[in-house]
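Here's a quick tour for anyone meeting this protein for the first time. Have a look at the chain, then read on.

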Amino acid sequence: MGEVLVLVDHVEGDVRKTTSEMLTAARRVGEPSAVFVGAGFDAAKEALAAAGAEKVYRLEAAEFGEYLVGPTAEGLAQLVQRTGASAVIVPSSPEGKEVAGRLAVMTASGVITDAVDVEAADGGVKVTKSVFAGGWTTASHVAKGVAIVSLKPNSVTAEPAQGACADEVVEVELSDVARGAKIVASEEKQASGRPALTEAAIVVSGGRGTGGDFDPVESFADSLGAAVGASRAAVDAGWYPHSSQVGQTGVTVSPQLYVAAGISGAIQHRAGMQTSKTIVAVNKDEEAPIFSMVDFGVVGDLFDVLPQATEKIQSSK
């Protein structure tokens, strides 16, 4: 196959792990070329080279920071036409999936969202998805145009590979439609000091069993240097932000260690964490479904178990 465009997932040049995962996937089906939108390329160049980007197309016009996804989608569409790219991979985030949908319309191509793997097959791209809350695995391919794929975080193991990272500033012509939604204000999210949920090696999640008190969960997570997640029940109750929801309708995580505290283990939640390397559950109900999939299970009250575990960890440091 030919060139594969990868939309870089970054914040002002701070490249997220998802970008390395997408570039790794791109190498399986062609030559990986990163598309860097916005400012901060100088800070990102080293990381992109280490992730295997052979080329980097830089879309740096002011409009890319002033408007929502419209300019990004149009920029990618023009790059597809210019480069003859055989595939485009974007992050499977709300923004990434909107870009994918718009790009598919602009290029008259097929789009597959929430992929967990991609590979070359029969001269094209074979895309694997985990569907019905992880109960089935499907294999698909795009039958028309360019293969546009949104890749779920943590679904592909990032494999470092030094790339040439030859960069080129690209000028694009944007339509009035792309300028239809303008950003009028932005506010930096308050830093928690914890790693990002989708990139953390350890995740500690709380559910209905917390009763809305996440203090034991957060203290235990902090003792491990972990990210904090939540079940849908906890999020729907307003106990924790929606951005922290782990599950079928939230984010998918695949850390080295996942701790579920006070979470029953509904299939929707399991779909978002079942690929974790080691799973530990703490629940008062010994018949909770979560225990059927764990490596270690503790039957007990999280308000008793987690503080003891936290104290033991801190004393051993």
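Which residue in E6 is the bridge partner of Val6? That partner is Ile89.

## Before we start

This is a predicted model, where local features need pLDDT of at least 70, side-chain atom pairs count only at pLDDT 80 or more, and totals for chains, interfaces and linings use all residues. Residues are numbered from 1 along each chain as its sequence is written, and side-chain values use heavy atoms, with hydrogens and water left out.

(Helices, H or I with at least four residues, and strands, E with at least two, are DSSP runs numbered from the N terminus; two strands pair if DSSP finds at least two bridges between them.) Zoom out and you get an open sheet of 9 strands with mixed pairing, in the order E9-E8-E7-E10-E6-E1-E4-E5-E11. Strands E9 (136-140) and E11 (166-169) sit at the edges with a single partner strand each, so one side of each has no neighbour in the sheet.

As for the record, UniProt (unreviewed entry) places "domain: Electron transfer flavoprotein alpha/beta-subunit N-terminal" at residues 4-187; such annotations may be inferred rather than shown by experiment. Over residues 4-187 the chain is 30% helix and 32% strand.

## What's packed inside

The largest nonpolar core has 31 residues, and Leu48, Val56 and Ile89 touch the most other members. Such a core is a set of buried Ala, Val, Leu, Ile, Met, Phe, Trp, Tyr and Cys residues joined through side-chain atoms within 4.5 Å, with buried meaning under 20% relative accessible area (1.4 Å probe, protein chains only). Helix H1 gives the most to this core, with 5 residues.

Back to Ile89: leaving aside neighbours within four places in sequence, its contacts (heavy atoms within 4.5 Å) include Val4, Leu7, Met22 and Val149. There is also a second, separate core of 25 residues, with Leu5, Val35, Val37 and Val88 among them.

Conventions: Buried < 20%, exposed > 50% of the residue type's maximum accessible area, 1.4 Å probe, protein only.
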